[in-house]
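Subject: Structure handover

Hello,

Here is the structure I promised to pass on. Please open it beside this email and follow along.

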Amino acid sequence: MGKINWSRVLLGGLLAGVVITLVGLGFSVFLGGDLKRVVQAARPLHTRAQALAFFIPVYFVGGILAVWWYAAIRPRFGPGPKTAAVAGFAVWLTQGPAQFLVGYFAQLPSGVLVAWMGATLLQLVAGTLAGAWAYKE
């Protein structure tokens, strides 16, 4: 088993964070007026600017985590997009239940909650694919 290239994990994670952020911003445009309910669910973040100031660093940390998972499972699953998608899905599984509970207790409409969960899955898989592209051992 090869050693993890930490500088590439960081580089790939930052690229993944950019993709996750861009997909998230695209989702916020798609969600429109219901975005206020999502932002209010993340109290005490009451404004869009505060939500962005919170979520963008979280997206970058999530991107780094996803690329680290990719690097960790790569020897077993092999390099490539399938492994990156598995790593992105695994990271989503670690944060998905918490997001679901936040949305549930904030009484988000079920359609918004499902869209939010689906968008975060798309964000993490797309970000991990981009970050895995930049990762080399």
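The mean pLDDT of the chain is 83. A value of 70 or more is reached by 84% of the residues. Helix H5, residues 110–134, has the highest mean pLDDT, at 88. Helix H2, residues 35–41, has the lowest, at 60. Where pLDDT is low, predicted coordinates should not be read in detail.

Now the overall layout. The chain has five helices and zero strands. Along the sequence, the pattern reads α-α-α-α-α. Of the 137 residues, 39% count as buried. Take the contacts between residues at least 6 apart in sequence: 74% of them join residues at least 24 apart.

Next, the core. The largest nonpolar core has 10 residues: Val9, Ala16, Val67, Tyr70, Ala71, Ile73, Ala84, Ala87, Ala132 and Tyr135. H3 gives the most, with four residues.

Tyr135 belongs to that core. Which residues does Tyr135 touch, leaving out those up to four places away in sequence? Tyr135 touches Lys3, Ile4, Asn5, Arg8, Val9, Val67, Tyr70, Ala71 and Arg74. Of these, Val9, Val67, Tyr70 and Ala71 are also listed in the core.

On to helix H4. Its 25 residues should span 36 Å at 1.5 Å a residue. The end C-alpha atoms of H4 are 35 Å apart, which agrees. Where does H4 bend, and by how much? The bend is about 40°, at Gln95. A proline, Pro97, follows within four residues. The buried residues of H4 are Thr83, Ala84, Ala87, Gly88, Ala90, Val91, Trp92, Gly96, Gln99 and Gly103. Just after H4, Gln107 takes a positive phi of about 60°.

Helix H5 holds Thr120. Is Thr120 buried or exposed? Thr120 counts as buried because its relative accessibility is 4%, and the cut-off for buried is under 20%. Setting aside neighbours within four places in sequence, Thr120 is in contact with Trp92, Gln95 and Gln99. Gln95 is where H4 bends. Trp92 and Gln99 are among the buried residues of H4.

Two residues of H3 are also worth a look. Leu52 sits in helix H3. Leu52 is partly exposed, at 34% relative accessibility. Beyond residues up to four places away in sequence, Leu52 touches Leu25 and Pro57. Leu52 and Thr21 are 31 residues apart in sequence, with their C-alpha atoms 9.3 Å apart.

Pro75 also lies in helix H3. Pro75 has a relative accessible area of 39% and is therefore partly exposed. Pro75 and Lys3 are 72 residues apart along the chain, and 9.7 Å separates their C-alpha atoms.

Best wishes

Note on methods:
Residues numbered from 1 in each chain as written. Predicted model: local features only at pLDDT ≥ 70, side-chain atom pairs only at ≥ 80, totals over all residues. Heavy atoms only, no water. Core = buried A, V, L, I, M, F, W, Y, C linked by side-chain atoms within 4.5 Å. Buried < 20%, exposed > 50% of the residue type's maximum accessible area, 1.4 Å probe, protein only. Contact = heavy atoms within 4.5 Å. pLDDT = per-residue confidence, 0-100. Expected span 1.5 Å × (residues − 1). Bend = angle between axes of the 7 residues up to and from the residue.
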